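Please look over the model shown here.

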Amino acid sequence: MIWGAILFVGFFIVLAGSVQAQLGGSGSINGTVTDSSGALVAGATVTATSTTTNVAVTQPTSGSGTYVLSPLAPGDYSVTITAKGFKTYTQEHVTVDALSQVSLKAQLSVGSSNENVTVTTAPPQ
């Protein structure tokens, strides 16, 4: 009888830990990078930098101009996109929640990567 009670309690302790692990967790930022004509930009470098920890995650865009930055700890991020022949694009205040997928589409302007286009308002959710 006592072993049954111990197993029963142990099961719920393991279950509670599993639920807690799922309530925590990471999120992601994904999207598409285009130029001003709407053409997809392959090979752009996309970097999300946590504004609280300064940890950065970087991925190139695919041949179809898409990217996924994952896993990302919940928090506020600044996303920077660079590509040869285009101005550097920065989107600030991108909020990632646990287990969420944030979509961020960026349109690059032709110019030097030394020139910056910075969006300081939060992107639409």
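## Source of the model

The structure is a predicted model. Local features are described where pLDDT is at least 70. Side-chain atom pairs count only at pLDDT 80 or more.

As a general point, strands of a sheet pair through backbone hydrogen bonds, either parallel or antiparallel.

## Pairing, strand by strand

Start with strand 2, residues 45-50. It pairs with strand 5, residues 75-82, in the antiparallel sense over six bridges. Thr 47 stands opposite Thr 80 in strand 5. Ala 48 stands opposite Val 79 in strand 5.

Strand 5 also pairs with strand 6, residues 88-96. This pairing is antiparallel and runs over six bridges. Asp 76 stands opposite Thr 95 in strand 6. Ile 81 has Tyr 89 in strand 6 as its bridge partner. Strands 5 and 6 form a hairpin, with five residues between them. Gly 85 sits in the turn and has a positive phi of about 85°. Strand 6 and strand 9 pair in the parallel sense, over four bridges. Here Gln 91 has Val 119 in strand 9 as its bridge partner.

## The nonpolar core

Which residues of the largest nonpolar core touch the most other members? They are Ile 29, Val 33, Val 79, Ile 81 and Leu 108, out of 21 residues in the core. Six elements are listed as giving two or more residues to this core: strand 1 (27-35), strand 2, strand 4, strand 5, strand 6 and strand 8 (106-108). In soluble globular proteins, nonpolar side chains tend to be buried together.

Val 79 belongs to the core and stands opposite Ala 48. Ile 81 belongs to the core and has Tyr 89 as its bridge partner.

Leaving aside neighbours within four places in sequence, Val 33 is in contact with Ala 39, Leu 40, Val 41, Ala 44, Val 46, Thr 61, Gly 65, Tyr 67, Ile 81, Ala 106 and Leu 108. Ile 81 and Leu 108, on that list, are also among the core residues that touch the most other members.

## Two threonines

Is Thr 90 buried or exposed? Thr 90 lies in strand 6. Its relative accessible area is 11%, so it counts as buried, the cut-off being under 20%. Beyond neighbours within four places in sequence, Thr 90 is in contact with Ser 78, Val 79, Thr 80, Val 117, Thr 118 and Val 119.

Thr 66 is in strand 4 (residues 66-72). Its relative accessible area is 34%, so Thr 66 is partly exposed. Not counting residues up to four places away in sequence, Thr 66 touches Gly 31, Thr 32, Pro 60 and Thr 61. Thr 66 and Asn 30 are 36 residues apart along the chain. Their C-alpha atoms are separated by 7.4 Å.

## Backbone exceptions

Most residues other than glycine have a negative phi, and most peptide bonds are trans. Where does this model depart from that?

Asn 54 is not a glycine, yet it has a positive phi of about 65°. It is placed in the loop between strand 2 and strand 3. At 61% relative accessibility, Asn 54 is exposed. Leu 99 is not a glycine either, and it has a positive phi of about 65°. Leu 99 is in the loop between strand 6 and strand 7 (101-103). With a relative accessible area of 59%, Leu 99 is exposed.

A cis peptide bond joins Ser 70 and Pro 71. Its omega is about -5°. Pro 71 lies in strand 4.

Technical notes. Residues are numbered from 1 along each chain as its sequence is written. Side-chain values use heavy atoms; hydrogens and water are left out. Two strands pair if DSSP finds at least two bridges between them. Buried means under 20% relative accessible area, exposed over 50%, partly exposed in between (1.4 Å probe, protein chains only). Contact means heavy atoms within 4.5 Å. A nonpolar core is a set of buried Ala, Val, Leu, Ile, Met, Phe, Trp, Tyr and Cys residues joined through side-chain atoms within 4.5 Å.
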